[in-house]
Amino acid sequence: MNRRAAIISLFIVAAFAIIVLRLFDIQILDDSYKRAARNNVLRQEVQHPPRGEVYDRNGELLVRSIPSYDLMAIPRDVQAFDTIALARIAGVTPEKITTELRRASRYSMRRPSLIIKQLSLESKLLFDEGDFPGFYTVYRTMRSYPRKIAGNLLGYISEVDEATIQRDDYYQRGDYRGMSGIERTYEEVLRGEKGLKVNVVDVHGITQGAYMDGEADLQPIPGTAITTSLDADLQALGEELMRDKVGSIIAIEPATGEILVMVSSPGYDPDELVGRDRGNNYIKLLRNPRHPLFNRGVMSRYPPGSTFKLVNGLIALQEGVITTSQRYPCHGGYTIGRGVKCHNHPSPVNLQQAVQMSCNTYFCYALRDILDNNRYESTKDAFDVWNDYVYSFGFGRSLGSDLAGELSGFVPTRATYDRIYHGRWNSLTVISLSIGQGELGCTPLQMANLAAILANRGYYYTPHIVRRIDGRDSLDARFYEKHYTKVDPSHFGIVVEGMYDAVHKAGGTGRLAYVPGLDICGKTGTAQNPHGKDHATFLCFAPKDDPKIAVSVYVEHGGFGGSVAAPIASLIVEQYLTDTITRPALMDYIKQTQIAYPYYDRQPQ
């Protein structure tokens with residue numbers, strides 16, 4: 001037993017001695033491992049996926065991604081290099097390179113920082129041929145817009161700020177995200193998933209190859225493609241018709257709530273917010289007094305004018321305070337209290353005629369009948385009921401669309417007037433609400449939604465711009481839900497008849513919207529404007545008995561609604577339903593119509 005123990009002990013001592021000698025050789029005598037560790041490091045490069053494409057309803061490409069490269073640097077690894085040569089390759093000044101490298105050093109000496117963004121493929125190849133230790137390029141993509149339309153709707157992407165990085169760990173310094181429009185709303189769908197590439201890099205920053213033959217790499221997952229409900233040709237027509245005008249055109253498919261057109265005028269070429277000049281172009285657009293970056297379709301709060309009479313007429317029918325045959329006289333206006341003027345037309349009129357001729361007096365009577373209804377204890381109680389009806393039409397609240405920045409508009413409440421008039425007010429005080437004036441504020445999207453409600457005789461689907469997301473069977477459930485107003489569908493028929501007469505009969509205020517065979521039903525609106533000429537608005541749908549499209553047009557300072565807004569709407573309807581325009585002279589007239597906007601243009605730029 002003693003002999004065996006001695007042998008085992010000797011073996012252990014020998015093994016230990018071998019290990020010690022080997023460690024001595026590695027650490028003291030042989031410096032090859034030190035050189036390898038010093039000269040070769042692992043560099044983890046984030047692989048950015050291309051963002052998803054965006055298409056119109058017919059499959060036409062609206063937004064695509066094209067190759068681009070960002071010049072990155074790790075300040076600790078940067079050694080002496082030819083600044084002038086690198087600047088020439090990157091297309092910037094040497095001072096720009098120096099400044100960005102200094103900024104990167106302040107941020108972190110060990111972490112990669114963006115030095116110059118969006119190099120072309122040619123620049124990237126020239127860089128690869130040079131010797132710039134500590135610098136490297138990262139593949140990215142940038143957006144491109146084949147049709148140059150719908151800038152406000154599609155939106156733009158921009159570099160993230162520190163607050164975004166702190167809030168969402170997906171983003172790192174130098175990353176991009178959607179900042180407006182569809183790019184913002186559907187950011188998580190469009191951005192894809194990042195990948196990771198691990199390379200072995202020598203002391204000069206030159207890649208020696210993939211670590212573990214690429215087994216440690218993660219492939220990026222491209223962003224998901226989106227098909228919108230937008231009709232690109234119709235959108236282009238709308239933007240052309242609104243040239244030199246301020247306002248909005250919105251068209252909706254009533255049967256689905258899909259948005260066919262959303263024009264915000266003036267707009268901008270979306271390619272202006274891509275590339276090296278994005279910052280300068282953004283400042284220029286921001287300083288433009290007509291605010292082209294402002295999406296008027298969902299962010300403006302306009303008085304709806306006479307288009308709102310349709311809502312008051314329907315409420316009065318539902319409340320039983322008027323009948324379809326009941327007539328009210330009109331002799332130049334409503335003469336009780338401060339009075340409301342009206343244009344010249346036959347008198348007396350019933351509801352259908354009042355819609356056709358846009359009689360102010362009739363709807364003043366109707367609103368007072370609603371608010372002074374003896375079924376309620378007070379005018380204020382009746383006003384609460386009126387509010388509930390108006391909200392059911394989608395006013396005074398966000399519609400819940402998928403449009404970035406959608407605002408709610410404004411519908412006054414009892415509290416509003418109690419605050420303004422210290423509790424002392426009655427139906428005459430708020431008489432301007434009868435014709436869509438006063439404190440009412442509506443977005444063009446809400447007015448287009450009203451047109452869809454009338455087309456559907458009492459309900460609407462939540463308006464939305466995305467029609468399909470690749471790889472998904474359906475959209476969010478809210479886009480398939482019917483929203484009914486508090487007015488019974490049986491009451492809508494007489495109002496629709498009045499809208500039909502407004503376009504098709506003599507004396508109708510919407511006669512310029514008439515197109516033979518299309519059965520357009522419409523309502524004009526002229527909204528008072530404290531800053532100059534009245535605003536023009538028009539909403540319509542067609543065909544009357546099988547609606548395919550509902551449209552709202554709002555032209556700031558456009559004057560009478562039937563003069564400019566109605567023709568624009570009818571051209572949109574005609575193009576959509578027939579794929580042609582039979583009134584080229586009218587289209588040329590609208591295109592050539594320029595409207596002065598002293599309220600905007602006198603502001604300092």
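The buried residues of helix H15 are Asn360, Thr361, Tyr362, Phe363, Cys364, Ala366, Leu367, Arg368, Ile370 and Leu371. Buried means under 20% relative accessible area, exposed over 50%, and partly exposed in between (1.4 Å probe, protein chains only). This is a predicted model: local features need pLDDT of at least 70, side-chain atom pairs count only at pLDDT 80 or more, and totals for chains, interfaces and linings use all residues. Residues are numbered from 1 along each chain as its sequence is written, and side-chain values use heavy atoms, with hydrogens and water left out.

Ten of the twelve H15 residues are buried, so the helix is largely enclosed by the rest of the structure. H15 spans residues 360–371 and reaches 17 Å from first C-alpha to last, close to the expected 16 Å (1.5 Å times one less than its number of residues). Helices (H or I, at least four residues) and strands (E, at least two) are DSSP runs, numbered from the N terminus.

Ten bridges join E5 to strand E3 (residues 61–73), and the two run antiparallel. Strands pair if DSSP finds at least two bridges between them. Aspartate 70 stands opposite valine 138 in E5.

Isoleucine 8 lies in helix H1 (residues 2–29). Its relative accessible area is 48%, partly exposed.
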